[in-house]
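The sequence and structure come first.

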Amino acid sequence: MNVRNCKKCGKIFNYVSGPPICMQCKEKLEEKFQEVKKYIQDNRHASIPQVSEACEVSTNQIQQWLREERLELAEGSGIALLCENCDMPILSGRFCEKCKSSMANRLNDSIKKPEAPKPKSKKDPKENPKMRFLN
């Protein structure tokens, strides 16, 4: 059993996985997420500070939801989110589609594919005659 203190409220809880926060704080955070999501849908051109102030959520939390691809920006939004690899503007996540596919290709190339077994050639019995005994 892994017991920890919640980072948000300090209560002791049984930690299983994910962020180290208790179930009550997770539920509150999910409610805030739904509130932010609705606000962004209604105000497509709002900036992160505007969303943060209107929904009373930290800008870091909003950026985390964008990086986790739980939120996605609208085209022409006032928020600038950049690819962590090439600095191209993106709508959500950490990397643009070009960098994602490039990383996936490099990963696939680095994994060694099993070699097909070479077929064994049958030897001609006349090449290497052996003496056989019958009982």
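1. Phenylalanine 33 has a relative accessibility of 5%, so this residue counts as buried (buried is under 20% relative accessible area, exposed over 50%, partly exposed in between, with a 1.4 Å probe and protein chains only). The model is a predicted one: local features need pLDDT of at least 70 and side-chain atom pairs count only at pLDDT 80 or more, while totals for chains, interfaces and linings use all residues. Residues are numbered from 1 along each chain as its sequence is written, and side-chain values use heavy atoms, with hydrogens and water left out.

2. The overall layout comes next. The chain has 4 helices and 4 strands, in the order β-β-α-α-α-β-β-α along the sequence. Helices (H or I, at least four residues) and strands (E, at least two) are DSSP runs numbered from the N terminus. Of the 135 residues in the chain, 24% are buried. The accessible surface of the chain is about 11,300 Å², and carbon and sulfur atoms account for 51% of that area (Shrake-Rupley method with a 1.4 Å probe; for residues, only the protein chains shown count as cover).

3. How many aromatic pairs does the structure hold? There are 2 aromatic pairs. Rings of Phe, Tyr and Trp (its six-membered ring) pair if their centres lie within 6.5 Å; planes under 30 degrees apart are stacked, over 60 edge-to-face, and the rest tilted. Phenylalanine 13 and tyrosine 15 are edge-to-face because their ring planes stand at 75 degrees, with the centres 6.4 Å apart. Phenylalanine 13 is buried at 14% relative accessibility, and tyrosine 15 is buried at 15%.

4. Phenylalanine 33 and tryptophan 65 also form an edge-to-face pair, with 5.2 Å from centre to centre and 75 degrees between the planes. This pair links distant parts of the chain, since phenylalanine 33 belongs to helix H1 (residues 23–42) and tryptophan 65 to helix H3 (residues 59–67), 32 residues apart. Tryptophan 65 is buried, with a relative accessible area of 2%.

5. The charged end of arginine 4 sits over the ring of tyrosine 15, 3.9 Å from its centre. Arginine 70 lies over the face of phenylalanine 33, at 3.9 Å from the ring centre. A charge sits over a ring if NZ of Lys or CZ of Arg is within 6 Å of the ring centre and within 35 degrees of the ring normal.

6. Which residues of H3 are buried? They are Gln61, Ile62, Trp65 and Leu66. Seen down the axis of H3, the buried residues fall within an arc of 145 degrees, so they line one face of the helix; the arc is that of the directions from the helix axis to the C-beta atoms. An α-helix has 3.6 residues a turn, so residues three or four places apart point the same way. The cover over the buried residues of H3 includes H1, helix H2 (48–55) and strand E3 (81–82), where contact means heavy atoms within 4.5 Å. Just after H3, glutamate 69 takes a positive phi of about 65 degrees.

7. Serine 52 is part of helix H2 and is buried at 14% relative accessibility. Apart from neighbours within four places in sequence, serine 52 is in contact with Val57, Ser58, Thr59 and Ile62.

8. On the cysteines, a search of the whole structure finds 0 disulfides (a disulfide is a pair of cysteine sulfur atoms within 2.5 Å). For cysteine 9, the nearest cysteine sulfur is that of cysteine 6, 3.7 Å away; cysteine 9 is partly exposed at 40% relative accessibility. For cysteine 96, the nearest cysteine sulfur is that of cysteine 99, 3.5 Å away, and cysteine 96 is buried at 11%.

9. Two lysines complete the notes. Lysine 7 is in the loop between strand E1 (3–5) and strand E2 (12–14) and is exposed, at 69% relative accessibility. Beyond its neighbours within four places in sequence, lysine 7 is in contact with Pro20 and Ile21. Lysine 7 and proline 20 are 13 residues apart in sequence and 6.2 Å apart in space, C-alpha to C-alpha. Lysine 38 is found in helix H1 and is partly exposed, with a relative accessible area of 48%.
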